[in-house]
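Work through the exercises below with the structure open beside you. Try each task before reading its solution.

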Amino acid sequence: MERITIDPITRLEGHGKIEIFLDKKGNVENAYLQIPELRGFEQFSIGRPAEEMPRITNRICGVCPEAHHMAATKALDALFDVEPSSVVKKLRELFYNSFYVTDHTVHFYALGGPDFVLGPDSDPAERNILGVIHKVGVDIGIQVIECRKRNHEVIKILGGRGIHPVAGLPGGWSKAMTKDEQKIILEYAQQNVDFALFSLKLFDDIVLANQAYVDLIVSDAFTHETYYMGTVDENNLINFYDGMIRVTGPDGKEFVKYPAKDYTKHIAERVEPWSYLKFPYLKNVGWKGFVDGMDSGVYCATPLSRLNAADGMATPKAQEHFERFYETLGSKKSNGRFTPVNHRLATHWARLIELLYAAERMQELTKDPEITDPNVRPIITNTPTEGVGSVEAPRGTLTHHYKTDENGILTDVNLIVGTTNNNAPIAMSIKKAAEGLIKNGEVSEGLLNTIEMAFRNYDPCMSCATHSLPGQMPLEIQIHDADGNVIDTKSQYID
């Protein structure tokens, strides 16, 4: 059996490799995503005061500290049984949508974009953010940098720091917004809307106008029919900060909708001996392996998933692009909502629609007359017990679950981070792309990069996604002789 290794895989947060195994005819027999990182955040959080978690969990990953900060803060709300005031919720959501703009901008232009702007088989030395700027123009590169700069300024104003924010409190927020800050952020929000519309136009001109790219997006090699997860408001419209977690089936029908505190009733976590990753699945469907379909408990949680799980967007311009997205990709309406788009590379387009929604939502929140109310720090008197907090991280539904003693010292911690939800779909996407692209052993660098696109569209953050609940580190070492034969195997914590 021939073995193809892509090591390291590129343009993701974290580290990893892909192992592809070919049969005697040179066709794919199996493919694996292997992640060498292990981050034991659940375990070393135990014994800490619970109120430290919004600052500790920021350090899980420097890419999305705002997501962990917010989920941890919401977990403290539940832990101390305190309901945040209206202004606190609005400040948090404003802060969070500014983060969304920065994060989605990075993925589209720096991580996913090079494959479409330059082509999947372009020179690897140029297939990066610098190559993108060279292709589309320095002026566009400046716009990307300016977008990141102004939104990190918003994060700093509202969160106390431009990275690793410190503002989250049980039931509150450490700093109110001033009138002067409101004016600044409102101007930034308008610039974000303009930038999002510009990015969608760029996607039209470069991707949708290129039939080869469209054919790749809708090809069977990049298509999966799974369940889809996302957070929705009371009208079943997308919301990143708060709402109910909704799961829809491959048929587009609602499967379940539940509050974050009930996640253990619906989500189970599986481990495999060849990976440090956990593989969540829908408990009430069951684990049938890495397969598609209604009978498989595998679900997806991405920008595409959030669009599929929702009935629409909660802002007008984003809703227009939402409808165009589904109509262009051949979706039909059934019972008042679009049937799901199952083409995983369409996630890049969905990400830009979310970018526009986040920018518009920033405008709405900043214009709200209540947003400068100074009463943002409630006094907490309740004894903590157990709490679950959830937000939509850019990479998927993020859940923090804490238990404490009567003094608020953590006794149990579980995290299901955004990418973790997608570990099974990513593994499936890599295998299906490899099966569809590798025939008769013919392999090129560009083809292997196209296989990498199968994981890259999920924008995975492996720094966040590898955790060990008991604090153990499963490890297996194989010793080979000079001919490649396995002569000994050593392992720990592997049954």
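The exercises cover the domains, one interface, some side-chain pairs and a loop.

This is a predicted model: local features need pLDDT of at least 70, side-chain atom pairs count only at pLDDT 80 or more, and totals for chains, interfaces and linings use all residues. Residues are numbered from 1 along each chain as its sequence is written, and side-chain values use heavy atoms, with hydrogens and water left out.

**Exercise 1. Describe the interface of domain 2 and domain 3.**

Step 1. Find the contacts (heavy atoms within 4.5 Å). On the domain 2 side 13 residues take part, and on the domain 3 side 11 residues.

Step 2. Get the buried area, meaning the accessible area (1.4 Å probe) that two parts lose on being put together, summed over both. It is about 1,000 Å² between domain 2 and domain 3, and carbon and sulfur atoms give 62% of it.

Step 3. Look for salt bridges (a side-chain nitrogen of Lys or Arg within 4 Å of a carboxyl oxygen of Asp or Glu). The rule finds 1 across this interface. Asp204 and Arg324 form a salt bridge through their side chains, at 3.1 Å from N to O.

Step 4. H4 (86-117) and H7 (179-208) each supply at least two residues of the side that touches domain 3. H4 gives the most, with 7 residues.

**Exercise 2. Which parts does the aromatic pair Tyr227 and Phe255 tie together?**

Step 1. Apply the rule: rings of Phe, Tyr and Trp (its six-membered ring) pair if their centres lie within 6.5 Å; planes under 30 degrees apart are stacked, over 60 edge-to-face and the rest tilted. The structure holds 24 such pairs.

Step 2. Classify this one. Tyr227 and Phe255 are edge-to-face, 5.2 Å centre to centre with 65° between the planes.

Step 3. Place the residues. Tyr227 lies in strand E6 (residues 227-232) and Phe255 in strand E8 (residues 254-258), so the pair ties together parts 28 residues apart in sequence.

**Exercise 3. Examine Arg3 and Glu19, then the loop between E1 and E2.**

Step 1. Count salt bridges in total: 32. In one of them, the side chains of Arg3 and Glu19 meet at 3.0 Å, N to O.

Step 2. Arg3 lies in strand E1 (residues 2-6) and Glu19 in strand E2 (residues 17-22), so this pair links parts 16 residues apart in sequence.

Step 3. Check the backbone. Asp7 and Pro8 are joined by a cis peptide bond, with omega about 0°. Pro8 sits in the loop between E1 and E2.

Step 4. Arg11 is also found in the loop between E1 and E2. Its phi is positive, about 55°, although Arg11 is not a glycine.

How values were computed
Helices (H or I, at least four residues) and strands (E, at least two) are DSSP runs, numbered from the N terminus.
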